[in-house]
Amino acid sequence: MPEKDYMNAAQLEFFRHRLVTMKEEILVNARETGEHLKENEVFADPNDRATVEEENMLEQRVRDRERKLLKKIDSALRRIESGDYGFCLETGDPIGIPRLLARPTAELSIEAQEKHERLEKLFAD
């Protein structure tokens with residue numbers, strides 16, 4: 001597509017709607033988890049109780065990851081409002097529609113992300 005058509009109003013609205021939908025789903029999941037964790041079941045078998053506690057821990061880990069994703073969604077929505085959405089925060093280059101479809105919260109182009117991951121791996125040791 002021509003450069004002038006990249007991140008036009010229709011595309012920005014598409015991604016804004018997609019991000020808002022993601023955010024709403026996460027908030028619904030969080031409410032359901034809260035309600036589920038408030039339930040206080042009594043188990044005769046300790047194995048049943050252990051199974052339920054393990055499931056609750058896994059569910060809480062998922063919600064923790066979703067909580068972090070909420071911050072990224074809010075950041076992406078702010079970038080839409082400011083007109084920076086769809087452009088790499090490091091290079092200013094277009095991130096690309098395919099990457100944004102796969103990861104609407106992407107802040108870096110593939111090249112910049114790969115460079116960041118290589119440096120992270122290099123200095124992680």
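Start by selecting Phe-14: its relative accessibility is 43%, so it counts as partly exposed. Keep in mind as you look around that this is a predicted model.

The rings of Phe-14 and Phe-15 make an edge-to-face aromatic pair, 5.1 Å centre to centre and with 80° between the planes.

Next, pick Tyr-85. Its ring pairs with that of Phe-15 in a tilted arrangement, 5.6 Å centre to centre with 45° between the planes. Phe-15 sits in helix α1 and Tyr-85 in the loop between α2 and α3, so this pair ties together parts that are 70 residues apart in sequence. Tyr-85 is buried too, at 1% relative accessibility. Show Phe-14, Phe-15 and Tyr-85 together and you have one aromatic cluster.

Which residues does Ile-80 contact, leaving aside its neighbours within four places in sequence? Select Ile-80 and look for Leu-12, Phe-15, Arg-16, Leu-19 and Tyr-85.

Time to zoom out to the largest nonpolar core, which has 19 residues; Met-7, Phe-15, Leu-19, Ile-80, Tyr-85 and Leu-100 touch the most other members. Colour α1 (9-38), α2 (46-82) and α3 (97-102) to see the elements that give two or more residues to this core. The largest share, five residues, comes from α2.

Last stop: the largest pocket, with about 250 Å³ of space. Its lining includes Met-22, Arg-65, Lys-72 and Thr-105. Here again α2 gives the largest share of the lining, five residues. By type, the lining divides into four nonpolar, one polar and five charged residues.

Note on methods:
Residues are numbered from 1 along each chain as its sequence is written. This is a predicted model: local features need pLDDT of at least 70, side-chain atom pairs count only at pLDDT 80 or more; totals for chains, interfaces and linings use all residues. Side-chain values use heavy atoms; hydrogens and water are left out. A nonpolar core is a set of buried Ala, Val, Leu, Ile, Met, Phe, Trp, Tyr and Cys residues joined through side-chain atoms within 4.5 Å. Buried means under 20% relative accessible area, exposed over 50%, partly exposed in between (1.4 Å probe, protein chains only). Helices (H or I, at least four residues) and strands (E, at least two) are DSSP runs, numbered from the N terminus. Contact means heavy atoms within 4.5 Å. On a 1 Å grid over the protein atoms alone, a cavity is a set of points where a 1.4 Å probe fits but cannot get out, and a pocket is an open set with protein on both sides within 12 Å along at least five of seven lines; lining residues have an atom within 4 Å of a point. Grid points are joined across faces, edges and corners, and a volume is the space filled by probe spheres set on the points. Ala, Val, Leu, Ile, Met, Phe, Trp, Tyr, Cys and Pro count as nonpolar, Asp, Glu, Lys and Arg as charged, and the others, Gly among them, as polar. Rings of Phe, Tyr and Trp (its six-membered ring) pair if their centres lie within 6.5 Å; planes under 30 degrees apart count as stacked, over 60 as edge-to-face and the rest as tilted.
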